[in-house]
Amino acid sequence: MKKILTLAIVLFLGLNLMAQDNDKAQGLELKTEEDYKKMEPVILRGIDWLQETPVAESKKERKEISGLLMLWMSGTPSVSIAIVEGLVPMGNPDCMIAFMCGWTKYSLDNNYSKDNLKCAKAAVEHTIEFYNKNKKDIGKSKDVENLIKKQKKGTLEKYIKSKYS
């Protein structure tokens, strides 16, 4: 079910993320579990690059890296992202990718963690950090603003737990 939701998000973001001009994905074979495993260091570097690079800079490269990450995330057997309403900023593709990247990074950095609460907390924090850095360029997100309020009040973790119970 989680893989289906991830695939739906890939389609939501648009197939243009995986456009044929994507030099980074040309010739890439992701068929076996080992193929996905070999890509993990590249995936982690891509996640860091997206987080550190302002949205207004390197738009073509951002699109290519996002496409590669979405391709990898939608097929890897190692990481399953649980998409839950209220945590994932569905109306903002950049923030949605940030959420998925935060989840993936936490899972990979923590021995393929399957702990939805810890992964979701890391994903939300990753998203908030990304949003705060890029708000001027990506616009206001009601979903992320709500998460920021909960974080400031100290109720974010409780809110995340309520979403997975």
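The crossing of α5 and α6 is left-handed, meaning that the near helix is turned anticlockwise from the far one by less than a right angle. This is a predicted model, in which local features need pLDDT of at least 70, side-chain atom pairs count only at pLDDT 80 or more, and totals for chains, interfaces and linings use all residues. Residues are numbered from 1 along each chain as its sequence is written, and side-chain values use heavy atoms, with hydrogens and water left out.

**Helices α5 and α6**

- The axes of α5 (residues 116-138) and α6 (residues 142-153) come within 10 Å and cross at roughly 115° (axes are lines fitted to C-alpha atoms over the stretch in contact, with angles from 0 to 180 degrees between N-to-C directions; helices are DSSP runs of H or I, at least four residues, numbered from the N terminus).
- The two helices α5 and α6 are therefore roughly perpendicular to each other (65 to 115 degrees).
- On α5, V124, E125, T127, I128, Y131, N132 and K135 make the contact, and on α6, V144, E145, L147, I148 and Q151 (heavy atoms within 4.5 Å).
- The residues of this α5 and α6 contact comprise 6 nonpolar, 3 polar and 3 charged (Ala, Val, Leu, Ile, Met, Phe, Trp, Tyr, Cys and Pro are nonpolar; Asp, Glu, Lys and Arg charged; the others, Gly among them, polar).

**Helices α2 and α3**

- Helix α2 (residues 33-52) packs against helix α3 (residues 59-75) at about 140°, with axes 10 Å apart.
- The crossing of α2 and α3 is left-handed.
- Residues of α2 in the contact include Y36, M39 and W49, while those of α3 include R62, L68 and W72.
- The α2 and α3 contact holds 11 nonpolar, 3 polar and 3 charged residues.

Definitions and conventions: Angles under 35 degrees count as roughly parallel, over 145 as roughly antiparallel, 65 to 115 as roughly perpendicular and the rest as oblique.
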